[in-house]
Amino acid sequence: MSVFVARQAIFNRNKKVVAYELLFRDSPKNYFPDIAEGQATARLIMENQLNLGTRHITSGKKALINIGPESLKLDLCAFLPCQDVVIELLETIEPTDDNYELCRGLFHSNYKLALDDFVYKPQWDRFLKLVKLIKFDIAITPLSEIQPIINKLQAHKQIKILAEKIETQEDYKLAFDMGFDYFQGYFFAKPTMIKQNDIDYNYGLVVAIYAEIMKNSPDIKAISGLFELDAALAYKLLRLINSGVFPIQSQISSLKQALVYLGHERLKKFVSLIVTAHTAGKKPAELMQVCVVRARFCELLAKKVNKSQSGEAFLTGLFSLLDAILDQPMSLLVEKLPFPDEIKTALLGDKNTLYYILNVVKAYETGSWWALEQAVLLLNIDSAILPPLYQQSVDWADSYKNNI
């Protein structure tokens, strides 16, 4: 049986990723609330912590692990290293005497505790001295109703507060102004529409590179000349090509040599990574990491569905958040990029094979297991193949990030 594990980033006030919450079930159908939560947690521990460790999937950062009533009673936390995890006590745990003693035991064993989807009632008061983090789900408790609770929590100096289900920049700004320490959600992946300005020079250069690279017979001399117009872009290309990510026999010393060595298909993929990262601007770095994981995940999945489209699937995943990166409508952006119609169609939400592949990847990365079960049916694949593909994608994206 496969264990489905995705991760969602936790950001600090500087929009830096400080941890990941692990979202897991032992099948997509475990989305429903009557699943034995203890069994799912046990499988997560067996298949991840007791295999390569939780930090393998969190890129070395702390993992927030959901613990419900059954897992708490079974003391499954004992199998998790206290230095690597934050125990996230689910809202289904009641503030009873027995649960208080179990939480006190974890606290004295040096585990950091968090309360998930917190809704205040006086019975929680004695728990607060044991807790380091409190999470507020703004879909359950609107930000406008949280301020009195935050005021009450100020007496507990050790407690940090996190706003989750932050989906818009407006929510993020309000939570930031209210003093939240951490943020969780896809607020950074939603484009903020801004007044249209002329396309600046860097973006024009990016489009020019793509226009050339997507030709059947790209002009390497022209592409290298475009790279030479941006020193930072040229440096990143040479730095990555010499980093060991690609198996080369000798060091690459020129832009033209690097581009010739890559060949047409790898050139499209490689330059896509570089120029996409170059356009990220002030967006959180994690947004680019999501793009890279998506790209690789889409590519690996396409190889199972239609191998001939694996390259197009990679680009579809990579550019699936381009509207958020550049704060422009996707419909406007695809007009300016020389993509095949299949990619443009998928990015605009019209249904084709690339769209269905991207849909599976999005459902998996957000832990939407019920939606995932529906999505895989459209590709006629077994969802059990997805967990190892996701882990391969995370590992590949980490190697890219570490070498750029």
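This is a predicted model: local features need pLDDT of at least 70, side-chain atom pairs count only at pLDDT 80 or more; totals for chains, interfaces and linings use all residues.
Residues are numbered from 1 along each chain as its sequence is written, and side-chain values use heavy atoms, with hydrogens and water left out.

The axes of helix α16 (residues 353-365) and helix α17 (residues 369-379) come within 8 Å and cross at roughly 155°, axes being lines fitted to C-alpha atoms over the stretch in contact, with angles from 0 to 180 degrees between N-to-C directions. Helix α16 is therefore roughly antiparallel to α17 (angles over 145 degrees count as such). The contact, defined by heavy atoms within 4.5 Å, involves Thr353, Tyr356, Ile357, Asn359, Val360, Ala363 and Tyr364 of α16, together with Trp369, Ala371, Leu372, Ala375, Val376, Leu378 and Leu379 of α17.

The structure holds 15 aromatic pairs, a pair being rings of Phe, Tyr and Trp (its six-membered ring) with centres within 6.5 Å. One of these, formed by Tyr172 and Phe176, is tilted, at 5.9 Å centre to centre and 50° between the planes (planes under 30 degrees apart count as stacked, over 60 as edge-to-face and the rest as tilted). Because Tyr172 and Phe176 are four residues apart in helix α6 (residues 169-177), they are separated by about one helical turn. Tyr172 is buried, with a relative accessible area of 9%, while Phe176 is partly exposed at 27% (buried means under 20%, exposed over 50% and partly exposed in between, with a 1.4 Å probe and protein chains only).

Definitions and conventions. Helices (H or I, at least four residues) and strands (E, at least two) are DSSP runs, numbered from the N terminus. Angles under 35 degrees count as roughly parallel, over 145 as roughly antiparallel, 65 to 115 as roughly perpendicular and the rest as oblique.
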